[in-house]
Amino acid sequence: VERCQACALNLVQQLAALYSPLEESYAATFRDVRLSPAFEDLADLLRVLCAVDRAVAASENLAAAWNAYKRLVRRVRLDPAAWDVDEPKLAKFERLLADLERGALGGGCFRACAELDFEALEGGRVNVRANPTLMREFERAVAALVDRCAKGLGTASETGERDLVVGAAALYAFHRRLAPANSEPDAKLYRALWSLQVRAPVVTLGGGRALPWFLADFLAEHAPPPPGVVKKLEPAPGKGVLDARRAACKALDRNFAAEARKLDLRLMAWLARATLRLGRSPRADVALAGAAASVARQAEAALESRGALLLQALALGRAHATLLRSVVALHVSLGEPFPKSI
């Protein structure tokens, strides 16, 4: 967690320096440069912190053990001599425990990162919050991620778009924390981000643990909708969101068997293509590419053919996992019983 915070701090300060109109390098080089990979990596880093927060919040054993440990420390505080503990060291230790509770063990890793002092720099200050150029770049980056999610969610080629939803929401909330308090959030961008939950009503984190993560809940906690946008959001915040989740859960139950059959058919078709293409040698692919083509082009075509098959396999595996994990996560989070048809 500390490493993630250090990386986020360094990256934001570097971006603030590059996108500063006061720097000569900005006018000469970076005025028309979009550093999309940097913002995408920051979104991925923030997604990791969100996953840690969700895992901590979902662990009943960790919460019980942490409460028991705090009770033990309170007993030590009442009689340090009986426990052979030095009082100044105990006070320092209690401050460390308080920091842990506000951060990792309190499910506040993302919040702690977003609340860092990004303008503090050894030997001076860096302009972050009052840098409108940097704020515009953050908005462009979030809009690009939202657009990628909207285009990829629910398609046959979907792979990591659901994880990208978490990253886009985290980057947006992070940007809102950095922006000045009197700045007006982009209403259109907020609606576009909010609407992603229609295609992804739940995102599962933690791999096989399938920890449910909900876009509306995250935004409500870290980036509430601007007052003028609330009535235009679909689904509506509050009860509308819960109703939409229940409707999505029922739709998954109703269509589960049909979706599973479609995935099985896609798998059979992929196996047939894989047997045909991967079962022959690369030289055969080169020969099929045509004698007129250059040897390099033939080899490139053979590599592309095999690479496309592997990407299809990844998308197919992700589709199976998404279907199963979404059904489980929605039923568990909503407390709905599983129908006999599943």
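1. Let's start at the beginning of helix α4. There, a side-chain oxygen of S59 comes to within 3.1 Å of the backbone nitrogen of L62. Keep in mind that this is a predicted model, here and in every point below.

2. Helix α4 itself runs over residues 60-78. From its first C-alpha to its last, this helix of 19 residues reaches 28 Å, close to the 27 Å expected at 1.5 Å a residue. Which residues of α4 are buried? They are W66, K70, V73 and V76. Looking down the axis of α4, you find these buried residues within an arc of 110 degrees, so they line one face of the helix.

3. Now for the other side of α4. The face turned away from the buried side carries E60, N61, R74, R75 and L78, which are exposed. As for the buried residues of α4, what covers them includes α5 (87-102).

4. Helix α3 takes up residues 36-58. Its 23 residues should span 33 Å at 1.5 Å a residue, and the end C-alpha atoms are 33 Å apart, which agrees. The list of buried residues in α3 is A38, F39, L42, A43, L45, L46, R47, L49, C50, D53 and V56.

5. How does α3 pack against α7? The angle is about 75 degrees, and the axes are 10 Å apart. That makes the two helices, α3 and α7, roughly perpendicular; the range that counts for this is 65 to 115 degrees. On the α3 side the contact involves F39, E40, L42 and A43, which meet E137, F138, A141, L145 and R148 of α7.

6. α3 also packs on helix α8 (residues 161-178), at an angle of about 100 degrees and with the axes 8 Å apart. α3 and α8 are therefore roughly perpendicular to each other. From α3, the residues making this contact are F39, L42, A43, L46, R47 and C50. From α8, they are D163, V166, G167, A170, L171 and F174.

7. Next, have a look at N131, in the loop between β2 (124-125) and α7. Is N131 buried or exposed? At 2% relative accessibility, N131 counts as buried, since the cut-off for that is under 20%. A polar atom of the N131 side chain lies 3.4 Å from the backbone oxygen of A16, and a polar atom of that side chain lies 3.3 Å from the backbone oxygen of Y19. Leaving aside residues up to four places away in sequence, N131 touches A16, Y19, S20 and P21.

8. S305 sits in helix α14 (residues 295-334). With 18% relative accessibility, S305 counts as buried. R277 is 28 residues away from S305 along the chain, yet the C-alpha atoms of the two are separated by 7.9 Å.

9. Last, the chain as a whole. Its secondary structure comes to 14 helices and 4 strands, and its C-alpha trace spans about 85 × 65 × 50 Å along the principal axes. Of the 342 residues in the chain, 36% are buried. Taking contacts between residues at least 6 apart in sequence, 73% join residues at least 24 apart.

How values were computed: Residues are numbered from 1 along each chain as its sequence is written. This is a predicted model: local features need pLDDT of at least 70, side-chain atom pairs count only at pLDDT 80 or more; totals for chains, interfaces and linings use all residues. Side-chain values use heavy atoms; hydrogens and water are left out. Buried means under 20% relative accessible area, exposed over 50%, partly exposed in between (1.4 Å probe, protein chains only). The expected span of a helix is 1.5 Å times one less than its number of residues. The arc is that of the directions from the helix axis to the C-beta atoms. Contact means heavy atoms within 4.5 Å. A polar contact is a pair of N or O atoms within 3.5 Å; within protein, one must be able to donate a hydrogen and the other to accept it, and residues adjacent in sequence count only if both atoms are side-chain atoms. Axes are lines fitted to C-alpha atoms, for helices over the stretch in contact, and angles run from 0 to 180 degrees between N-to-C directions. Angles under 35 degrees count as roughly parallel, over 145 as roughly antiparallel, 65 to 115 as roughly perpendicular and the rest as oblique.
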